[in-house]
Amino acid sequence: MVNLSIQLAPKHPRGLLLANPVMTASGTFGYGTEYGHLFDIQKLGAIVCKGTTLEPRDGNPQPRLAETAGGLLNSIGLENIGVNALIKEKAPIWASWHVPVIVNIAGETVGDYTRLAGQLDGVAGISGLEVNISCPNIKAGGAEFGANPDSAAEVTTAVRKATSLPVLVKLTPNTSDIARVALAVAEAGADAISLINTLKGMAIDIAKRSPLLGNITGGLSGPAIKPVALYMVYEVAGAVDIPVIGCGGITTASDALEFIMGGASAIQVGTASFSNPRAPLDVLEGIEQFMKKEGIKDISELVGVARI
Ligand SMILES: Cc1cc2nc3c(=O)[nH]c(=O)nc-3n(C[C@H](O)[C@H](O)[C@H](O)COP(=O)(O)O)c2cc1C
């Protein structure tokens, strides 16, 4: 037997214990409910649901997806059912699951995040929040909240005060010094940090001589971003003393093990689920096999072992 369990929120009074380090990435696994017929999703460490806003959103104009070499460009624009429907329709289902569900929240003002956190506090079926700070801060002229340490810390402090749930803060790679942002977020009371969200990108339709995505720009994900994500996880894990959750291009168990050895306590599988919906389970089984083969009894023995 190997021990795969990890504590994601060691500084939180209740903690957030995961049976294993494999999570789904927000926006790539719906509300979890859509995948239950494909495999036993309750074997996973945690499910992170689609980014949720105060009001329902239709998202950006089509086209919203474009394949690139080794990656995917998306400009979904946070299409979601809104927090009220999530509480009414999804949370009661999650409450009957033993896999923890973490709700990813998104807003355009600090007040949006605070209201979301307040509404979700104490709702049965919700085990934690993941704060997406890749959203444009409309009060600061549209720059992402996560682009600078001050606005990232401001959101984190506000959410921390508004909820008793464990708070994960998800960083954007679209910043010049991700370790500084991570440190600011950790000091502001985050229980864990997840990274990375998508890298800003675009594609042009040469026949139409215009941008391919309806929104002009989008976010790049998939294997193409793995080395960037891994580097950033390595940087951040060296800067903070709270758990780091690695995400970005993880498709196989060996990808996941790279992130764990680089310092991630847990990992998220995102774009890989689009081509192989069982990818999170395959990754989990592969990690377990690796541990058995290498005689590793506890996943914690692997966290950060490759750090110099
Ligand atoms: C179609 C799509 C929708 C996404 N929606 C969200 C979202 O709502 N909230 C969020 O924080 N991240 C969102 N992401 C980012 C992913 O959760 C993840 O951070 C990113 O895709 C990198 O991981 P990957 O390369 O494994 O996909 C989305 C990504 C994709 C591809």
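Predicted model: local features only at pLDDT ≥ 70, side-chain atom pairs only at ≥ 80, totals over all residues.
1. Helices α3 and α4. Helix α3, which covers residues 149-162, packs on helix α4, which covers residues 178-187, with the two axes 8 Å apart and at an angle of about 25 degrees. Because angles under 35 degrees count as roughly parallel, α3 is described as roughly parallel to α4. The crossing of these two helices is right-handed. On the α3 side the contact is made by Pro149, Ala152, Ala153 and Thr156, and on the α4 side by Arg180, Val181, Ala184 and Val185. Sorted by class, the contact of α3 with α4 has six nonpolar residues, one polar residue and one charged residue.

2. Helices α4 and α5. Helix α4 also packs against helix α5, residues 226-237, and here the axes are 9 Å apart and the angle is about 50 degrees. That angle makes α4 oblique to α5. The crossing of α4 and α5 is right-handed. Ile178, Ala179 and Ala182 in α4 meet Met232, Glu235 and Val236 in α5, and the classes in this contact are five nonpolar, no polar and one charged.

3. Alanine 186. This residue belongs to helix α4. Is alanine 186 buried or exposed? Its relative accessible area is 18%, so alanine 186 is buried, given that the term applies under 20%. When neighbours within four places in sequence are set aside, alanine 186 is in contact with Val240 and Ile242. Alanine 239 is 53 residues away from alanine 186 in sequence, while their C-alpha atoms are 9.6 Å apart in space.

4. Threonine 52. Threonine 52 sits in the loop between β4 (47-48) and β5 (65-68), and with a relative accessible area of 1% this threonine is buried. Leaving out residues up to four places away in sequence, threonine 52 touches several others, among them Asn80, Leu86, Asn104 and Leu116.

5. Cysteines. How many disulfides does a search of the whole structure find? The search finds zero. Cysteine 49 is in no disulfide, and the nearest cysteine sulfur, which belongs to cysteine 135, is 13 Å away. For cysteine 247, the closest cysteine sulfur is that of cysteine 49 at 14 Å, which is too far for a bond, because a disulfide requires the two sulfur atoms to be within 2.5 Å. Both residues are buried, cysteine 49 at 0% relative accessibility and cysteine 247 at 7%.

6. Cis peptide bonds. Most peptide bonds are trans, which is the background for the next two cases. The bond from glutamine 62 to proline 63 is cis, with omega near -10 degrees, and proline 63 is in the loop between β4 and β5. Leucine 195 and isoleucine 196 are also joined by a cis peptide bond, with omega about 10 degrees; isoleucine 196 lies in the loop between β10 (192-195) and β11 (199-202).

7. Positive phi values. Most residues other than glycine have a negative phi. Leucine 78, although not a glycine, has a positive phi of about 55 degrees, and leucine 78 is found in the loop between β6 (71-74) and α1 (83-94). Isoleucine 216 likewise has a positive phi, near 70 degrees, and its place is the loop between β13 (210-211) and β14 (217-221). At 45% relative accessibility, isoleucine 216 counts as partly exposed.

Methods:
Residues numbered from 1 in each chain as written. Heavy atoms only, no water. Buried < 20%, exposed > 50% of the residue type's maximum accessible area, 1.4 Å probe, protein only. Axes fitted to C-alpha atoms, helices over the stretch in contact; angles between N-to-C directions. Helix = DSSP H or I, 4+ residues; strand = E, 2+ residues; numbered from the N terminus. Parallel < 35°, antiparallel > 145°, perpendicular 65-115°, else oblique. Left-handed = near helix turned anticlockwise from the far one by under 90°. Contact = heavy atoms within 4.5 Å. Nonpolar A, V, L, I, M, F, W, Y, C, P; charged D, E, K, R; others polar.
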